[in-house]
Each structure stands twice: as structure tokens, then as C-alpha cells.
Amino acid sequence: MKVLLTGGNGMLGRTLAAEWSDFTVISTDLPEADITDAAGFDAVVGEYCPDAVVHCAAMTAVDKCETERELAYKLNAFGSGNVAAACRRHHVRLIAISTDYVFAGDLDRPYHEFDAPGAGTVYGRTKWAGEELIRRHCPNHLIARISWLYGAGGPSFVHTMMQLADGSRPELKVVADQRGNPTSASAVARQLQLLLWHPELVGTFHLTCEGEASWYELAQELFRLTGTVQRVVPCTTAEFPRPAPRPVNSRLDKMMLRLAGLPPMPHWREALAEFVTREF
Ligand SMILES: NC(=O)c1ccc[n+]([C@@H]2O[C@H](COP(=O)([O-])OP(=O)(O)OC[C@H]3O[C@@H](n4cnc5c(N)ncnc54)[C@H](OP(=O)(O)O)[C@@H]3O)[C@@H](O)[C@H]2O)c1
């Protein structure tokens with residue numbers, strides 16, 4: 001199978017290109033494959049004739065999206081619409097990566113795929129707008145929502161924690177009142193590979209590791225696994241105000257994987273253990 005990646009130089013794209021040895025991977029990124037150039041991107045798809053496009057390109061700097069709103073819409077919404085139109089025109093299946101940020105994050109249970117969106121950030125609203133353009137313009141699509149991602153080389157929360165734990169700080173304050181599903185890019189790569197082998201599947205799928213944690217619990221487990229001696233102190237979101245408010249509840253229920261009869265992804269502790277042995 002020939003798979004073309006957008007945003008191939010990003011954290012997820014690099015992992016997909018490195019780990020998909022079963023596929024012929026064409027990894028594209030700026031400047032040669034700019035998703036905001038509709039005609040240019042259409043020509044790229046026409047040139048390579050892939051079986052599927054896996055669309056990872058995005059503006060992912062959540063706080064920057066608050067101030068550079070139009071650029072965020074340009075990349076995450078307009079750009080995704082261009083990818084969708086090119087895929088439809090060339091009869092190529094589209095797998096697009098989205099995020100838990102499409103939800104308000106205030107529900108008292110994990111969000112499933114049929115829950116209503118309600119993003120509280122520009123990033124989340126632009127990603128939702130991108131999802132809607134994909135649904136409208138490319139019927140043969142699968143939207144894969146991921147969250148709390150870390151992968152080889154970073155940047156990610158996991159990498160930031162390891163950098164901060166350099167012995168110079170007596171304690172690290174880490175937010176304990178936000179919960180989510182820490183997810184490794186390798187685990188996403190394996191689940192996407194499975195979905196690519198199922199061309200009959202369409203719609204929106206949540207693809208995060210099993211189990212849940214707070215950032216505080218994730219940091220504790222990371223330091224335990226790496227044998228890092230660092231005191232970690234729980235703190236509240238209010239102690240770390242950010243331009244884009246972080247969702248309190250980022251937990252995603254994988255209802256669609258169950259409905260499709262597909263296996264769940266590994267538990268986050270297992271995926272993290274596998275990652276740290278390779279990364280640190
Ligand atoms: N990281 C997370 O925690 C997380 C969580 C949930 C969902 N996601 C989603 O997962 C996907 C992959 O995320 P990631 O962490 O791998 O992101 P990333 O590291 O920021 O990678 C995105 C890539 O897209 C490229 N790009 C930017 N504008 C482009 C354009 N106009 N045309 C083509 N490529 C362009 C970027 O290039 P430059 O670096 O040069 O701008 C970068 O290489 C995104 O859709 C993101 O929304 C990520």
C-alpha cells in the first residue's frame with residue numbers, strides 16, 4: 001500500500017514514516033507540499049497516486065492559535081478542506097488526525113465519538129472546522145482523534161519533564177486536576193496501520209491508549225520508569241494560567257473501535273514503558 005503523509009516532518013509524521021515498514025510511505029511537508037495551496041497540493045496527490053493520504057499537518061501550537069487566529073483557520077480548517085478535496089478528486093482514501101480539543105472538556109465521563117463538539121479554544125474550533133470540511137468534501141474519510149501525544153524527538157510533555165528534571169529543581173509542580181489518556185505515537189502508528197488495512201471503515205474514531213491519568217500521575221510514572229530522582233508536587237490548573245484554557249477532561253472513549261470489533265490500544269503505562277526504553 002502506498003501512503004502519502006502530510007506534515008511528515010512533525011512528531012507524529014516522523015513516527016509513522018519510521019515505523020510503517022509494511023507500506024511505501026511518501027512523507028511530505030512544507031515547502032514542497034503546502035496544504036494551504038489547493039492547486040499545489042492537488043498536484044502532489046495527482047503525482048504520487050497514493051492509496052491513502054494520512055493527514056498530520058496542522059498548526060499545533062495551542063496558545064499561538066489564540067493570537068494568530070486566521071493562520072490557525074488557514075492551516076487547520078482551510079488546509080484540511082484542500083486535502084479533502086484533493087483526495088476526493090483523485091479517489092484516494094483520507095485518514096485525518098484530529099484532537100480531543102474539539103470537546104469542551106467539562107463532561108464527567110470520557111467523550112465518545114458521537115458527543116457534541118464544544119471547543120473552548122481557537123485550536124479546537126479550527127480542528128473541528130477542519131473535521132467538518134473533511135466530512136463534507138471527502139466521503140471516503142476516517143478522522144482519528146488522538147490526545148496527550150508523545151513521540152520520538154518530541155516536543156511533548158514527556159520530553160519537557162525529562163528536561164526539567166535535570167537536578168537543578170528541588171521540586172516540580174505538575175497539574176493534577178486535568179485528566180486524559182497519555183498516548184504514544186508508536187501506539188497510534190500501529191492502530192492507524194490496522195485501520196489502513198480496513199478500507200471499509202469510515203467515520204470518526206478515537207485512538208488513544210487505554211487507562212487515564214493526570215499530568216501529575218504521568219510525570220510520576222515517567223520518573224519511576226526512568227529512575228529519575230525528582231520530587232513532584234501536584235498543583236491546580238489555576239496555578240498555571242495559559243492563553244488557551246486546557247480541557248479539564250480530555251478522556252476519550254473508544255466506542256468506534258469497539259463497534260468495529262477492533263482491539264483497543266495498549267494501556268498508557270505499557271506504551272510509556274516501551275517508549276522510555278527507546279528514548280531516554
Ligand atoms: N501533539 C499532540 O499532543 C496532539 C494531540 C492531539 C492531536 N494532535 C494532532 O496530531 C497531528 C500531528 O501532530 P504533531 O504533534 O505531529 O504536530 P507537529 O509536530 O506540529 O507537526 C505538524 C507538521 O505540519 C507541518 N505543517 C505546518 N503547516 C503546514 C502546511 N501549510 N502544509 C504542510 N505541512 C504543514 C509542520 O511544519 P512546521 O513545523 O514547519 O510548521 C509540521 O512538520 C495534528 O493534526 C495535531 O492536531 C496532536
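Student: Why is aspartate 177 called partly exposed?

Tutor: Count the C-beta atoms around it: aspartate 177 has 15 others within 10 Å. A residue is buried with 20 or more other C-beta atoms within 10 Å of its own, exposed with 12 or fewer, and partly exposed in between, with C-beta atoms placed from the backbone. So 15 puts aspartate 177 in the in-between class, partly exposed. Keep in mind that this is a predicted model: local features need pLDDT of at least 70 and side-chain atom pairs count only at pLDDT 80 or more, while totals for chains, interfaces and linings use all residues. Residue numbers start from 1 along each chain as its sequence is written.

Student: Where is aspartate 177, and what does it touch?

Tutor: Aspartate 177 sits in the loop between β7 (171-175) and β8 (179-180). Strands (E, at least two residues) and helices (H or I, at least four) are DSSP runs, numbered from the N terminus. Not counting residues up to four places away in sequence, aspartate 177 touches Ser214, Thr236, Thr237 and Val248. Touching, or contact, takes C-beta atoms, placed from the backbone, that lie within 7 Å. Between aspartate 177 and serine 214 there are 37 residues in sequence but 6.6 Å in space, C-alpha to C-alpha.

Student: What makes proline 139 exposed or buried?

Tutor: Proline 139 has 12 C-beta neighbours inside 10 Å, so it counts as exposed. Its place is in the loop between α5 and β5 (141-146). Proline 139 is 55 residues from alanine 84 in sequence, and 8.8 Å from it in space, C-alpha to C-alpha.

Student: How do you know whether histidine 91 and tryptophan 148 are buried or exposed?

Tutor: Count again. Histidine 91 has 9 C-beta neighbours inside 10 Å, so it is exposed. Tryptophan 148 has 26, so it is buried. Histidine 91 is in the loop between α4 and β4 (93-99), and tryptophan 148 is in the loop between β5 and β6. Each has a positive phi in a residue other than glycine: near 55° for histidine 91 and near 45° for tryptophan 148.

Student: What makes a set of residues a nonpolar core?

Tutor: Its members are buried Ala, Val, Leu, Ile, Met, Phe, Trp, Tyr and Cys residues, joined through C-beta atoms within 7 Å. The largest one here has 79 residues, and those with the most contacts inside it are Val53, Val54, Cys87, Leu94, Ile95 and Ala144. Helix α4 (residues 69-89) gives the most to this core, with 7 residues. As for valine 54, leaving aside neighbours within four places in sequence, it is in contact with Val3, Leu5, Leu16, Ile95 and Leu192.

Student: Why are α4 and α5 called roughly parallel?

Tutor: The axes of α4 and helix α5 (residues 122-137) cross at roughly 15° and come within 8 Å. Axes are lines fitted to C-alpha atoms, for helices over the stretch in contact, with angles from 0 to 180 degrees between N-to-C directions. Under 35 degrees counts as roughly parallel, over 145 as roughly antiparallel, 65 to 115 as roughly perpendicular, and the rest as oblique. At roughly 15°, α4 and α5 are therefore roughly parallel.

Methods
Two residues are in contact if their C-beta atoms, placed from the backbone, lie within 7 Å.
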